[in-house]
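Thanks for coming. I have one structure to go through today, and I'll keep to a few points. Please look at the display while I talk.

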Amino acid sequence: MSQTVCILGVTGSIGQSTLKILEQHPDQYSVFAVTAYSRIDELVQICKQFSPKVVVVPSQKVDELKQKLNAQKLNHIEILADEAGLVAVAEHSSVDVVMAAIVGAAGLMPTLAAVKAGKRVLLANKEALVMSGDIMMQTAREFNALLLPVDSEHNAIFQSLPQNYLQTERNGKPKQGVSQILLTASGGPFLNHTIEQLEAVTPEQACKHPNWSMGQKISVDSATLMNKGLELIEACHLFAIEEQFVTVVIHPQSIIHSLVQYVDGSTLAQMGNPDMCTPIAHALAWPERIQTHVPPLNLFVNNQLNFQEPDTSRFPALNLARQAMKVGGLAPTILNAANEIAVAAFLKNKIKFTEIHQIVDRTLNSIANAPAESIETILQIDQKARIVAEQFVIGH
C-alpha cells in the first residue's frame, strides 16, 4: 500500500535527497505536503513534478507562490503559511510519514506535532531533540510515534544496536550487552589547522565540507565540531544513554558512519559511501530495505580508514555541548540558541570563526539553568538566549 509523505524543509539538501528516493519508488510513496522557506522557484518546480496537495511557506511569500503556481496551472494546490501551516501538515490525518528536515529551532513545533499525531517521523532536525529531548521522547512513547533517526551517524548507531533496543527501559545506562557508542566525525575542513589559522577562517572556507554536501549552518557547525556536540546530545536522548557512554571519534573519510561496542569485545559498524540517501531510505522503509542510487562501497578504492581523538583545545564547542548534556535541564536549549546566533553572525562576517564558541560559552554562563519542564519554558529560554547572544555579538 502506498504511503503519503510530508517533507518539512523540501528545498534543503535532506529534502532534495528524500525526493530522489520517492521518485525512485512512485508505487510505494506519494508526496502529500511540502514546506519551504525562501526558495520559491525551486518549490514551484517540485510542485510541478510531485503535485502535492498542500504547500507551506512564510506568509510574506504566499502571494509570490500563488502567482507562480497559477502561471503553471497548479492552482489546485492549497497554500498554508508560517508555523501554524507547518504544524497543520505535520499532524494531518492524510499523512503517514513526516520528514523533519527544517534546520534549527524552527523545526521544533512541527516535529513535536507530528510525534503527537503518532506519525512515523524521520528525524533530520537535530535541534528539536537538543532543545526538548526528554519531552520529545516522552511524547513519542505516549502517542506511539515511530521516531527514526536520519542523521547518518544516528542512523548508523540504530542499525548497529540490538533490534528492540529503543523499546526497552530508558535509564541512561547501556543495556542488552552494549558498552559504548562511538560517534564518528569527519573533523570538517579545518581538522589540521592551528589555532592561529582558525582565527583567519572565512565563511566561504567554513562552508566547503570535504565529504558532504550540506547547507551553510550545518557546514559551519561541522567545521567547529559543534555539529558533533549537538549529535552527542541527540544520541543521548534517542538511545537513552548518558553522555559518558558516548565517545566521539574523528574519522576523516566518513566511510564508517558510527559504531557500537559490546561487552563481549565486539564492535559493530555501519559503513557506506557518504550519501544521505542511504539513511533516508533506511528510515523510510524500516524494517524493510529499498533501493537507492547510492553505489555500494568499494573497499579496494576506499582502502584507508583513519581514526583519531578530537582536539578539544582547538575545537572547544564539543566540550561545551558535552557539559550542557551533563548538566541537562535548559542548558542544551541555551547552547543551541546561542550557537544559531553566533553562526549567523559569523556567516555575515560580524565575528571571527574562533569567536563562535566564545559567544556560546558566555551565553551559557549568563543564563541560570533550570529544568526543561515544558515546551513553553524551552521556547522562552530559547528566545532569552538569542537576545543575550546577540548582545555578545554586538559587544564583542
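Let me start with the boundary between domain 1 and domain 2. This is a predicted model, and the area buried between these two domains comes to about 2,600 Å², with carbon and sulfur atoms giving 70% of that. On the domain 1 side, three residues stand out: Ile21, Lys126 and Pro149 supply 26% of the area that domain 1 buries against domain 2, more than any other three residues.

To place this in the chain: domain 1 runs 3-149, domain 2 is made of 152-192 plus 203-314, and domain 3 covers 328-395. So that everyone has the distances, the C-alpha centres of domain 1 and domain 2 are 24 Å apart. As for contacts, 28 residues of domain 1 touch 28 residues of domain 2.

In the model, the side chains of Glu127 and Lys217 form a salt bridge, at 3.6 Å from N to O. There are also 8 residue pairs in polar contact between domain 1 and domain 2, counting pairs with both residues at pLDDT 80 or more.

Which elements of domain 1 face domain 2 with at least two residues each? They are helix 1 (13-24), strand 5 (97-100), strand 6 (120-123), helix 6 (126-142) and strand 7 (146-149). By residue type, the side of domain 1 that touches domain 2 has 15 nonpolar, 7 polar and 6 charged residues.

Next, the annotation. The UniProt record, an unreviewed entry, places the feature "domain: DXP reductoisomerase C-terminal" at residues 271-386. In the model, that span is 52% helix and 1% strand, and its end C-alpha atoms lie 38 Å apart.

Pro287 sits in the loop between helix 12 (277-285) and helix 13 (317-327).

Where is Ser51? Ser51 is in the loop that connects helix 2 (40-50) and strand 3 (54-57). Its phi is near 45 degrees, which is a positive value in a residue other than glycine.

That's what I have. I'll take questions now.

Conventions: Residues numbered from 1 in each chain as written. Heavy atoms only, no water. Domains from an automatic or database assignment. Contact = heavy atoms within 4.5 Å. Buried area = accessible area lost by both parts, 1.4 Å probe. Salt bridge = Lys/Arg side-chain N within 4 Å of Asp/Glu carboxyl O. Polar contact = N/O pair within 3.5 Å; in protein donor to acceptor, adjacent residues only side chain to side chain. Helix = DSSP H or I, 4+ residues; strand = E, 2+ residues; numbered from the N terminus. Nonpolar A, V, L, I, M, F, W, Y, C, P; charged D, E, K, R; others polar. UniProt positions renumbered as here; feature names shortened; annotations may be inferred.
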